[in-house]
Amino acid sequence: MSSSSPSSRPPSTMPPSSQSGSSLRPSHRKILVGVLGATGTVGQRFIVLLSAHPWFVIHALGASSKSAGKKYVDATAWKQTTGIPSAVKEMNIRNCEVDDVWKECGVVFSGLDASVAGDIEIAFRDANIPVFSNAKNHRRNPLVPLVVPLANPSHLQILPLQQRNLSLSRGFIVTNANCSTTGLVIPLAALERAFGPLECVMVSTMQAISGGGYPGVPSLDILDNVVPYISGEEEKLEWETLKILGAVRPKSTTTKPPLSSSPSSDTITASDASSNLPDTLEFDMHSTHPLRVSASCSRVPVIDGHTETVSVRFARRPAPSPQQVREALVAFTPEARTLGCPSAPRKAIVVHEEMDRPQPRLDRYHQDGAGVSVGRVRQCQVLDIKFVVLANNVSIGAATSSIINAELAVVKGYVGGGEVSGEGLPGDD
C-alpha cells in the first residue's frame with residue numbers, strides 16, 4: 001500500500017495520466033484556450049501545464065494594462081522551475097477585455113487576483129465564454145459550482161441552470177476551491193463514498209508560504225517561525241467543505257431525493273442535466289446529514305505543499321477501523337480518472353505506511369502534485385479516525401484543479417466551441 005514518492009523535484013509539463021487511460025472525449029480536435037492573469041504565479045502555472053496539453057492549445061494571454069501589448073517573455077517575471085514554454089514566449093499579451101480573439105476560445109482559465117477577478121470573469125461569461133476560475137469571488141454564488149475535480153464533479157450539473165437563468169448558450173463560470181480545502185475534501189469524499197456521511201471533522205493546517213502568492217510572507221515573519229493565523233482561511237475551509245461534499249437537489253424540497261447523492265461518483269452529462277432540469281436547483285450544504293467542520297490554519301516555513309492533520313467522526317456506527325479506512329482510500333477512483341481526463345492522477349490518494357510520511361519535501365511533486373498523499377491513519381480517542389494529508393497547493397490546489405474541471409466539462413458535453421484542427425499545433429506529436 002505504501003508508495004515511495006520521488007524526492008523534491010520540479011513538476012514536469014506532461015499531464016499525469018497522459019501515458020495511460022482511455023479518454024472518452026468525443027473529438028480529436030484541439031480546443032483554443034485563454035489564460036487571464038497570465039503573468040502572475042497562478043497564470044504561469046496554467047501556462048506550464050497547458051503548453052503540453054493533449055486537448056488544449058493556448059490562444060490568448062491576458063494581463064493588466066501595463067503588460068498589454070508586450071511580448072509575454074518581456075512582461076513576465078517568470079517564477080517557475082521550468083523555462084517559459086516556447087509557444088508563448090513571443091505571444092502578445094492582451095487586455096483582460098472581451099474581443100474577437102478571446103471569443104475564439106472554447107475555454108478561458110482565470111488566474112486573476114481576487115481584487116479584479118469578479119467583474120472580469122462575469123464579462124467573459126456573459127460573452128458566452130466558459131470560465132474556469134481559481135479566484136474566490138464566485139464560490140458562494142448559488143448557481144456557480146465549486147468543484148474539486150477529484151471529489152465532486154457531479155456538481156457541474158448545475159451549469160445548464162446557470163446558463164438558463166442568464167440567457168446564455170455557452171458561457172458559464174466554474175470555480176475551484178481554496179487550496180487548503182482541496183487537500184481536505186479529497187480523502188473526505190473517499191470516506192463518505194465508502195462509509196456514508198461524516199458528522200464531524202476537525203482539521204489543523206500547516207500551509208506553505210506560496211499559498212499567499214508572490215512575494216508572499218515577509219522573511220522576518222516566517223523564518224524560524226509559525227504564524228497561527230491566515231486571514232479568512234478557517235472560515236473558507238469550513239464553508240467550502242460543506243458545499244463541496246453536499247448534494248445538488250431541487251430547491252426548497254424536503255421529500256425529493258438529491259439529484260446527486262454522492263458528489264464524487266455520479267456520472268451526469270450535459271444532456272442528462274438539461275433533460276432532467278428542475279425549475280431551480282440548490283447546493284444542500286450537506287444539510288441532509290449535518291456536518292460540523294472546525295478548522296485551525298497556520299502558515300509555516302515551507303515553500304510548496306499544505307500539510308493537514310484531520311480527525312473525523314462517522315454518522316454510522318460502528319465506525320470503520322483504521323485498516324478499513326486505508327483500504328477505502330487506496331481503492332478510491334475519481335470520475336476524472338474513469339473518464340480519461342489527461343491531467344487526472346493515476347491515484348487520487350496515495351496512502352503511506354511509513355510513520356513519518358507524508359512530508360512536503362518528499363511527497364509534494366508525486367504525480368506532479370495532481371493527487372494527495374495520506375499517512376498516519378489511526379484511531380482517534382476523541383472522534384473515530386485521524387490521519388495526515390498533504391496536497392500540493394500550487395498544483396491540485398490551484399491550476400491543476402481548474403484544468404481537470406475543464407477536461408471534465410469537455411467530456412461531459414458542457415463545453416462546445418473553440419475547436420480547431422490539431423495538425424501542426426504546438427504540443428502535437
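The largest nonpolar core of this predicted model has 87 residues, and Phe56, Phe109, Val312, Ile349 and Phe387 touch the most other members. A nonpolar core here is a set of buried Ala, Val, Leu, Ile, Met, Phe, Trp, Tyr and Cys residues joined through side-chain atoms within 4.5 Å. Helix H14 (residues 395-412) gives this core its largest share, nine residues. Apart from that core lies another, of 15 residues, among them Leu36, Leu112, Ala117 and Ile129.

Some ground rules before the details: residues are numbered from 1 along each chain as its sequence is written, and side-chain values use heavy atoms, with hydrogens and water left out. Local features need pLDDT of at least 70 and side-chain atom pairs count only at pLDDT 80 or more, while totals for chains, interfaces and linings use all residues.

**Overall make-up**
- The protein has 14 helices and 15 strands, where helices (H or I, at least four residues) and strands (E, at least two) are DSSP runs numbered from the N terminus.
- Of the 429 residues, 57% are buried; buried means under 20% relative accessible area, exposed over 50%, and partly exposed in between (1.4 Å probe, protein chains only).
- Among contacts (heavy atoms within 4.5 Å) with a separation of 6 or more, 80% join residues 24 or more positions apart.

- Phe109 sits in strand E4 (residues 107-110) and is buried, with a relative accessible area of 0%.
- Leaving out residues up to four places away in sequence, Phe109 touches Val33, Gly34, Val35, Leu36, Phe46, Leu50, Phe56, Phe132, Ser402, Ile403 and Ala406.
- Phe109 and Val35 are 74 residues apart along the chain, yet their C-alpha atoms are separated by 4.9 Å.
- With the same exclusion of residues up to four places away, the partners of Phe56 are Ile31, Val33, Leu50, Phe109, Ile403, Ala406, Glu407 and Val410.

**Helix packing**
- Helix H1 (residues 41-50) packs against H14 at an angle of about 55°, with the axes 10 Å apart; axes are lines fitted to C-alpha atoms, for helices over the stretch in contact, and angles run from 0 to 180 degrees between N-to-C directions.
- That angle makes H1 oblique to H14, given that under 35 degrees counts as roughly parallel, over 145 as roughly antiparallel, 65 to 115 as roughly perpendicular and the rest as oblique.
- H1 passes H14 in a right-handed crossing, meaning that the near helix is turned clockwise from the far one by less than a right angle, with anticlockwise being left-handed.
- From H1, Val42, Arg45, Phe46, Leu49 and Leu50 meet Ser395, Ala399, Thr400, Ser402 and Ile403 of H14.
- Helices H7 (residues 179-195) and H9 (residues 233-245) pack at about 35°, with their axes 10 Å apart, and their crossing is right-handed.
- Residues making the H7 and H9 contact include Leu184 and Leu188 of H7 and Leu237 and Ile244 of H9.

**Backbone features to check**
- The peptide bond from Tyr214 to Pro215 is cis, with omega near 5°; Pro215 lies in the loop between strand E7 (198-207) and helix H8 (219-222).
- Another cis peptide bond runs from Arg317 to Pro318, with omega near 0°, and Pro318 lies in the loop between strand E11 (306-314) and helix H11 (322-331).
- His286 has a positive phi, near 65°, although it is not a glycine, and is buried at 6% relative accessible area.
- Arg376, in strand E13 (residues 372-379), also has a positive phi, near 55°, and counts as partly exposed at 31% relative accessibility.
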